[in-house]
Amino acid sequence: NRVEDIGRIAERLQALVPEAALRIGHGQMPERELEQVMLDFYHRRFNVLLCTTIIESGIDVPTANTIIINRADRFGLAQLHQLRGRVGRSHHRAYAYLITPPPKAMTEDAKKRLEAIESLEDLGAGFTLATHDLEIRGAGELLGEEQSGQIQEVGFSLYMELLERAVKSLQSGSEPDLEKPLHAGTEINLQLPALLPDDYIGDVHLRLRLYKRIASAPDAAALSDLQAEMIDRFGPLPEPAQRLFKVAALKLRAAPAGITRLEVAAQGGLVQFAADHKVDPARVITLVQRQPQRYRMDGSHRIRFKIDSLEDSQRLRTAETVLAALGVA
C-alpha cells in the first residue's frame with residue numbers, strides 16, 4: 001500500500017512471472033488513466049492488477065478470483081475484510097493470500113487481527129469481525145463511568161450476548177474468559193450456492209433480516225415454520241434458497257454435537273470437532289477401522305473422508321450420511 005515503491009514491486013513481479021500482463025493502479029494517478037486501467041482489468045485485457053487499497057472502494061470485478069495482500073499486518077481488520085471481499089464476486093472459487101513478516105516482528109494487535117480474519121469465512125462474518133475489532137481496540141465499560149462509547153454504539157444484542165456468556169460462566173462456578181472470541185457457529189460448506197437470490201427477494205434489507213432469522217432459528221420446527229412463511233409471502237423457494245434451509249438444518253444437528261466444521265467437495269470432505277465435542281470417540285474409531293479406505297483421522301479433532309465423484313445434488317445427502325455415521329441425530 002505504498003505509492004512510492006509500487007513501481008519497484010511491479011518490476012519484481014514482472015521478473016518473477018514474465019508471462020503475466022501486469023498494470024498498476026493507485027489514487028495518485030490521473031482520474032481518466034485510473035478509470036481506463038480499471039476498465040481494462042474488468043474486460044480482462046490484462047490479468048494482474050498491482051494496486052493500493054483504492055481497490056477496497058467497492059469496484060466489482062466478477063472474474064477476479066485471487067488477491068495477494070502484502071504486509072497484511074499493517075492493515076486494519078475492517079480493511080482486510082473489505083479487501084478479501086474484492087474477489088469471489090461470482091461463481092468462481094476465490095483465494096486471498098495474506099503476506100506478513102515472521103510473528104516475532106509483528107505487534108500483538110496485528111497478530112489478533114490476522115487470527116480473527118483467518119478464523120471467519122462464513123455468512124455473517126462481518127458482524128463477528130466487528131465484535132473482534134471492538135475487543136482488540138477496547139470498548140471501555142459498557143455501562144460504567146469509563147465508557148469510550150454508548151451501549152447503542154456497541155449494539156444491545158452484542159451486549160446481551162456478552163452478558164449472558166459471563167453470567168453462565170459465573171453460574172457454573174468458573175471465571176468468564178473475556179479474551180475468548182464469540183462463537184461463530186458451525187460452518188457447513190458444500191461448495192454450492194446456498195442463498196436467497198435477489199430476483200426472489202429484491203429488498204436487500206429484508207433479505208438480511210431473513211438471513212438472521214434463518215441463522216437464529218432455535219430448532220427444526222422453527223426453521224420449518226419460517227420456510228412455510230417465506231413460501232406464503234414470496235412463492236416457491238428457488239433451489240439456492242432450498243439449499244440454504246437444508247444447510248441451516250444441518251447446522252442445527254451438528255452444533256449440539258460440538259462439530260465446528262463440515263465440508264463436502266466433489267471428491268471428499270472433512271469433519272472438524274470442538275475440543276469439548278459430544279461425539280462418541282469409540283464410534284469414530286470404529287468407523288475409521290471398519291472403513292479405512294473411506295475415513296481417516298487427521299489430527300485429534302478432525303476426520304477426513306473420501307467419496308466417489310459427486311454431483312452437486314448428492315453433496316447434501318452425503319453430509320447427512322456422514323453425520324448419521326458419527327451418531328449425530
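This report covers a strand group, a nonpolar core, a helix residue and a pocket. The model is predicted.

**Strand E7 and its partners**

Strand E7 spans residues 268–273. Of its 6 residues, 5 are buried, so the strand is largely enclosed by the rest of the structure. E7 pairs with two strands, E6 and E9. The pairings are set out below.

| E6 | 259–264 | antiparallel | 5 | leucine 262 |

E6 and E7 make a hairpin, with 3 residues between the two strands. Valine 271 of E7 has leucine 262 opposite it.

**The largest nonpolar core**

The largest nonpolar core holds 26 residues. Those that touch the most other members are Leu190, Ile259, Val271, Val279, Phe305 and Leu326. Helices H10 (239–254), H11 (281–290) and H12 each give two or more residues to this core, as do strands E6, E7 and E9. H12 provides the largest share, 4 residues. Nonpolar side chains tend to be buried together in soluble globular proteins.

**Threonine 318 in helix H12**

H12 covers residues 312–325, and threonine 318 is found in this helix. Is threonine 318 buried or exposed? Its relative accessibility is 9%, so threonine 318 counts as buried. The cut-off for buried is under 20%. The side chain of threonine 318 has a polar atom 2.9 Å from the backbone oxygen of glutamine 314.

**The second largest pocket**

The second largest pocket contains about 1300 Å³ of space. Its lining has 41 residues, and the closest to the pocket centre are Leu13, Leu49, Leu50, Cys51 and Ile68. Which elements each supply at least two residues of the lining? They are helix H1 (6–16), strand E2 (48–51) and strand E3 (66–70). H1 gives the largest share of the lining, 7 residues. By class, the lining has 24 nonpolar, 9 polar and 8 charged residues.

**In brief**

Valine 271 links two of these topics. It stands opposite leucine 262, and Val271 is among the core residues that touch the most other members. H12 holds threonine 318, and the largest share of the core comes from H12.

Key
Residues numbered from 1 in each chain as written. Predicted model: local features only at pLDDT ≥ 70, side-chain atom pairs only at ≥ 80, totals over all residues. Heavy atoms only, no water. Buried < 20%, exposed > 50% of the residue type's maximum accessible area, 1.4 Å probe, protein only. Pairing = 2+ DSSP bridges. Polar contact = N/O pair within 3.5 Å; in protein donor to acceptor, adjacent residues only side chain to side chain. 1 Å grid on protein atoms, 1.4 Å probe; cavity = no way out; pocket = protein on both sides within 12 Å on 5 of 7 lines; lining within 4 Å. Points joined across faces, edges and corners; volume = space filled by probe spheres on them. Nonpolar A, V, L, I, M, F, W, Y, C, P; charged D, E, K, R; others polar. Core = buried A, V, L, I, M, F, W, Y, C linked by side-chain atoms within 4.5 Å.
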